[in-house]
Amino acid sequence: MTNPTFIFSLDCEGYWGMADAVADGWSPGWTSAALVDTYQRLLALFDRFEVPATWAFVAAFVHTPEEMHERGDLTEQPLSYRGRDWTAAFKRAWAAGDTDGWLCPEALGAVRRAGGHEVAAHGYSHLPLAEVDTDAAVARRELDLQAAFWATRGIRPDTVVFPRNQPGHLTMLGEHFVAYRPPHPLEVRRDAAARLLRLVDEVNPFCQPAAQSIAGPLPIPLPPAMLLNHRAGGRRLVPPAITLLRIRRLLQRAMDSGRVVHLYSHPHNFLTGQGQFELLEGVLSLVRTHSSAGELAVMTQSGYAASVRAPN
Ligand SMILES: [Zn+2]
């Protein structure tokens, strides 16, 4: 397929994405109520511009407290990652009866009620799956637990977003998923120099859209995604007009060459980013202009994977 395409995916995780940092004392103070409000505002925005999105959920994040209590997988058993318990901070919050930011089943409910969007997977507990840190037995447990959880919701996610954007255990993932979102080349490293490179790339006028995926063994790699600038910290200094110009260029290049613009964000970035909703509104408005003119296909990760596997 060579249709110019736009995909927007969201990593939905609350505190699970930063479970180790929370254990070290990082406390962003997000409440589950504020997160739900953010999801609802985002859904209204996507709806307004008729853009279906992919919402990749950490399964633990959308458990009800009753389910968490009944299962005990995360409240009682340790989950070793780099010599520590990945669930230590959650266990403390659970014991204190304060699961704000950790449990938010209403977020999944809001996405499902909105309709038209894809529910994708983002791990059971957001444990990174890179083989260097997580062995096959632990990865298998994560995959089995998330599959069991999604079955309770009557959902079988087609696509997966790797926790921390760290690919691993691909063959095993092929048993569960049709496609995965690979990291953008600049996102593989997490050191300070890489962060600076990513910031510089925000103002790079030569940025290019991603190549189309080709069919192959499952899971197939989707076009890599670029982070929609999170307007916090140093990234707040990048003016929204520059980000919009960058995305305008990316879309134009995608339409000129039949390539793909895949952007991603986290709903919680909209709690902390300055003018983050307005930035997304600008992006979706651009996308809508081109999609309504028939120049750009807007797809979910799942829809895109299906079109790669069965081109018409
Ligand atoms: Zn994540």
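Which residues does Phe57 touch, not counting residues up to four places away in sequence? Phe57 touches Cys12, Val62, Leu108, Val119, Ala121 and His122, where a contact means that the two C-beta atoms, placed from the backbone, lie within 7 Å.

## Before you start

This is a predicted model, in which local features need pLDDT of at least 70, side-chain atom pairs count only at pLDDT 80 or more, and totals for chains, interfaces and linings use all residues. Residues are numbered from 1 along each chain as its sequence is written.

A residue is buried if 20 or more other C-beta atoms lie within 10 Å of its own, exposed if 12 or fewer, and partly exposed in between.

Helices here are DSSP runs of H or I with at least four residues, strands are runs of E with at least two, and both are numbered from the N terminus.

## Helices α2 and α5

Look next at helix α2 (residues 32-48) and helix α5 (residues 105-114), whose axes are 9 Å apart and meet at an angle of about 15 degrees. The axes are lines fitted to C-alpha atoms over the stretch in contact, and angles run from 0 to 180 degrees between N-to-C directions.

From α2, the contact uses Leu35, Val36, Tyr39, Gln40, Leu43 and Asp47, while α5 brings Glu106, Ala107, Ala110, Val111 and Ala114. By type, these residues divide into 8 nonpolar, 1 polar and 2 charged. In this count Ala, Val, Leu, Ile, Met, Phe, Trp, Tyr, Cys and Pro are nonpolar, Asp, Glu, Lys and Arg are charged, and the others, Gly among them, are polar.

## Helices α9 and α11

α11 also packs with helix α9 (residues 240-257), at an angle of about 25 degrees and with axes 10 Å apart. The two are therefore roughly parallel to each other.

On the α9 side you will find Pro240, Thr243, Leu244, Ile247, Arg248, Leu251 and Met255, and on the α11 side Glu278, Leu279, Gly282, Val283, Leu286 and His290. This contact divides into 8 nonpolar, 3 polar and 2 charged residues.

## Loops worth a visit

Glu50 sits in the loop between α2 and β2 (54-57) and has a positive phi of about 55 degrees although it is not a glycine. Glu50 counts as partly exposed because it has 13 C-beta neighbours inside 10 Å. His169, in the loop between β6 (159-161) and α7 (170-173), also is not a glycine, yet has a positive phi of about 50 degrees. With 19 C-beta neighbours inside 10 Å, His169 is partly exposed.

The loop between α8 (192-201) and β8 (220-221) holds Pro219, which is joined to Leu218 by a cis peptide bond with omega of about 0 degrees. Cys207 is found in the loop between α8 and β8, and touches Asp201, Arg246 and Leu250, not counting residues up to four places away in sequence. Cys207 and Arg253 are 46 residues apart in sequence, and their C-alpha atoms are 9.3 Å apart in space.

Definitions and conventions. Angles under 35 degrees count as roughly parallel, over 145 as roughly antiparallel, 65 to 115 as roughly perpendicular and the rest as oblique.
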